Amino acid sequence: MADLVLIDRRLIARGAERTSTMRFMFWLIPWVALAALGIYAAALCLYFGLNQTHMDTRFAFGMWIYLDLGMIAMGAGAFFTGFLVYILKQEDLKPVLNSAVVVGLICYSGAVAVLMVDVGQPLRAWFTFWHPNTHSMLTEVTFCITCYLFVLILEYLPVLLRNRQLRKVPSFLVFEYQLHKLVPVLAAVGAFLSFFHQGSLGGLYGVLRGRPFAFRQGFAIWPSTFFLFILSAIAVGPSFLMLVTAAAETLTERRLVGANVFRKLGLISGVLLGIYVAAKAIDTLVWLNITSPAVGFSPWDFYAYKPFGSALLFLEIVPLGLLPAFLLTSPLTTRRRGWLLCGAALACGGVLLNRFVLTVQTLALPTLAFDDFLQYIPSWQEVATFAGVIAYGVILYSLSYRYLPLFGQAKRADKNVSLD
Amino acid sequence: MFPWIDGFHWTPNHIIFLSLFFAVVLTLLSTIVAAVRRTVSDFRTHRATEMCWRFNFAELPEEERCCRHQLAGRVPHRICDNAFDCRQCPQYAEFAKLPARAFPPYVGVSFSNNQLYHRGHTWVRPENDGTLTVGLDEFAHHLVGHPDSVQLPVPDSEIESDGLAWRMMKNGHEIRVRAPLDGTVVATGGDKEGWYLKLRPRNPVNLRHLLRGAEVPGWLSGELDRLQLQFSPPDAPACLADGGTLMPNLMDAMPAADWDAVLAATFQEG
């Protein structure tokens with residue numbers, strides 16, 4: 001045990017105050033157990049097939065796709081913060097940049113892991129790239145997400161190489177420095193890739209002519225959901241980053257970033273959320289009055305199936321859209337950290353609800369005369385895999401916080417370490 | 001990659017999509033290759049060690065980055081922005097002319113006026129044959145006592161200023177001692193010899209970056225204060241220091257202390 005404590009202490013950056021090894025281990029144990037359960041459930045699904053789930057050919061998108069869409073939207077804070085700092089030169093967001101990269105890496109790697117369980121046959125994953133379905137928006141999504149995950153790994157590498165023990169290897173430290181200098185390139189590539197894959201995930205639903213609840217008109221080859229997904233992701237990414245940072249502050253009992261960073265993230269999130277809600281409202285009105293009647297459906301019929309009533313639409317647009325946009329931007333509320341976090345939580349809830357509606361409600365609704373309204377309750381294997389990914393995220397973030405300079409970026413930026 | 005898909009026909013959309021995709025892939029690969037090439041170049045041009053040191057220096061707490069002229073009492077407060085390389089400091093000559101504070105001859109740990117000191121707790125003594133002898137200073141010696149093992153560089157190997165000079169192990173702790181200057185190892189000693197390395201300097205020797213005169217007691221008394229703070233319990237009330245001298249072989253005498261933190265600060269780990 002003494003050796004473990006010593007190893008743990010040696011991995012923690014000099015001068016960084018962290019909780020005791022024992023407390024940290026007790027914190028990790030339940031998450032490791034949950035991750036182990038998730039791995040077991042995923043192994044069952046991979047070994048026995050998707051009969052372990054409650055999905056079928058009619059209800060092919062379930063909890064996992066919902067998790068993927070939700071996590072990828074929340075992970076947008078990574079590319080968007082990088083874009084703001086490196087391209088738009090919003091230097092005051094630098095303190096959360098490393099944290100944003102870790103959050104993004106967790107969200108995207110978790111999403112890819114779940115997708116691999118969902119698709120199955122992981123040994124044949126390369127088929128996706130070598131024999132792609134060139135008519136599917138998922139092809140673009142797959143290509144972009146894979147590339148962006150690679151970008152995130154490259155962005156995480158400089159953070160990882162600054163670990164106290166790794167930095168003792170001179171070649172690692174110099175490589176970290178040189179890679180760090182090229183991070184603006186990665187930020188630009190990340191923004192480009194994210195723009196398209198976030199949009200294509202939305203476009204995926206908007207082009208479903210056979211699903212009039214989801215089908216939308218749009219611009220050129222892109223349905224309106226393409227643009228709404230991009231807007232909602234960049235709106236909610238900073239909010240999720242705020243929530244993660246606040247959670248880390250609560251758990252560690254330390255102030256990790258200044259109040260100005262929270263206010264700025266909140267303002268960016270709130271303004272973008274306001275634009276998104278306005279666009280979403282217009283889109284909904286167009287769908288209600290033009291798109292849906294044009295294909296022969298009364299739009300309100302879609303809301304006749306409980307529990308998916310019209311209240312869900314109202315909930316998404318007003319309490320989880322307009323209200324957080326107000327809380328995150330109004331001078332009356334942004335001075336209070338509690339209101340800011342409340343706004344951020346509501347914003348995240350709104351976008352998660354949007355992804356749920358598009359994934360689950362779309363598939364549950366009948367579209368043909370002989371169709372029934374379907375009910376889908378995920379199996380324990382699906383829930384456990386989902387929980388395993390959440391546990392993986394908590395473990396990776398906890399380890400990164402403990403052993404890497406997640407919130408130390410501002411310190412380095414203030415000092416000239418360049419030889420050039 | 002698509003043409004072998006049954007029924008595939010090229011369209012402008014495919015060309016645009018694939019061009020963008022491969023542009024992204026090429027950009028990512030180029031980024032990695034550029035970072036690796038620059039890293040290799042930094043090692044070839046002997047810039048790597050200096051870069052590593054500057055990284056570590058930037059991570060040092062402010063109180064450990066104070067200028068030598070502050071240590072000597074020539075200026076009230078000044079933080080070094082040259083990574084302790086006074087050879088490149090444009091203001092060195094200006095401050096060096098100022099009168100230094102008078103220190104007592106003994107500040108709790110002994111030092112020699114014939115030796116120059118590096119802040120990584122090594123001393124340097126120029127010899128008549130043009131070589132330079134390097135040893136561990138009294139402060140570090142009191143902390144470590146007799147190391148369990150020492151890993152010295154082989155003769156004829158090159159060491160670089162602020163890079164790794166030698167490693168020591170003591171009670172399971174690895175101690176990495178920084179080199180006080182660039183040079184070629186001529187001979188190696190050890191704990192019993194009282195010195196560790198004899199170096200032939202690589203370039204025309206310039207030792208301006210090493211501490212001397214009034215700077216040494218000023219620096220050592222600051223180090224003793226730091227040590228006292230590191231040894232005091234976290235919730236200890238404020239109290240007056242009672243003076244005294246540093247007892248020998250502290251790592252054996254106080255095994256329960258936070259030696260990880262003490263050694264990191266003593267040997268300038270960033």
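Helix axes are lines fitted to C-alpha atoms over the stretch in contact, and the angle between two axes runs from 0 to 180 degrees between N-to-C directions. The model examined here is predicted.

**Exercise 1.** Describe how H10(A) and H14(A) pack.

*Solution.* Step 1: locate the helices. Helix H10 of chain A covers residues 224–252, and helix H14 of chain A covers residues 337–364. Step 2: state the geometry. Their axes lie 8 Å apart, at an angle of about 130°. Step 3: classify the angle. H10(A) is therefore oblique to H14(A). The crossing of H10(A) past H14(A) is left-handed. Step 5: identify the contact. H10(A) contributes residues including Ser232(A), Phe240(A) and Ala246(A), while those from H14(A) include Leu340(A), Cys348(A) and Asn354(A).

**Exercise 2.** Determine whether the radius of gyration of chain A agrees with that of a compact globule.

*Solution.* For 420 residues, a compact globule would have a radius of gyration near 22 Å. Step 2: compare. Chain A has 22 Å, so the two agree. The C-alpha trace of chain A spans about 70 × 55 × 40 Å along its principal axes. Of the 420 residues in chain A, 47% are buried.

**Exercise 3.** State how chain B is divided into domains.

*Solution.* Step 1: list the parts. Domain 1 of chain B comprises 1–45, domain 2 comprises 48–102, and domain 3 comprises 111–204 + 218–270. The C-alpha centres of domain 1 and domain 3 of chain B are 50 Å apart.

Technical notes:
Residues are numbered from 1 along each chain as its sequence is written. Chains are lettered from A and ligands numbered from 1 in the order in which they are written. This is a predicted model: local features need pLDDT of at least 70, side-chain atom pairs count only at pLDDT 80 or more; totals for chains, interfaces and linings use all residues. Domain bounds come from an automatic or database domain assignment. The radius of gyration is taken over C-alpha atoms; the globule rule is 2.2 Å times the number of residues to the power 0.38. A residue is buried if 20 or more other C-beta atoms lie within 10 Å of its own, exposed if 12 or fewer, and partly exposed in between; C-beta atoms are placed from the backbone. Helices (H or I, at least four residues) and strands (E, at least two) are DSSP runs, numbered from the N terminus. Angles under 35 degrees count as roughly parallel, over 145 as roughly antiparallel, 65 to 115 as roughly perpendicular and the rest as oblique. A crossing is left-handed if the near helix is turned anticlockwise from the far one by less than a right angle, and right-handed if clockwise. Two residues are in contact if their C-beta atoms, placed from the backbone, lie within 7 Å.
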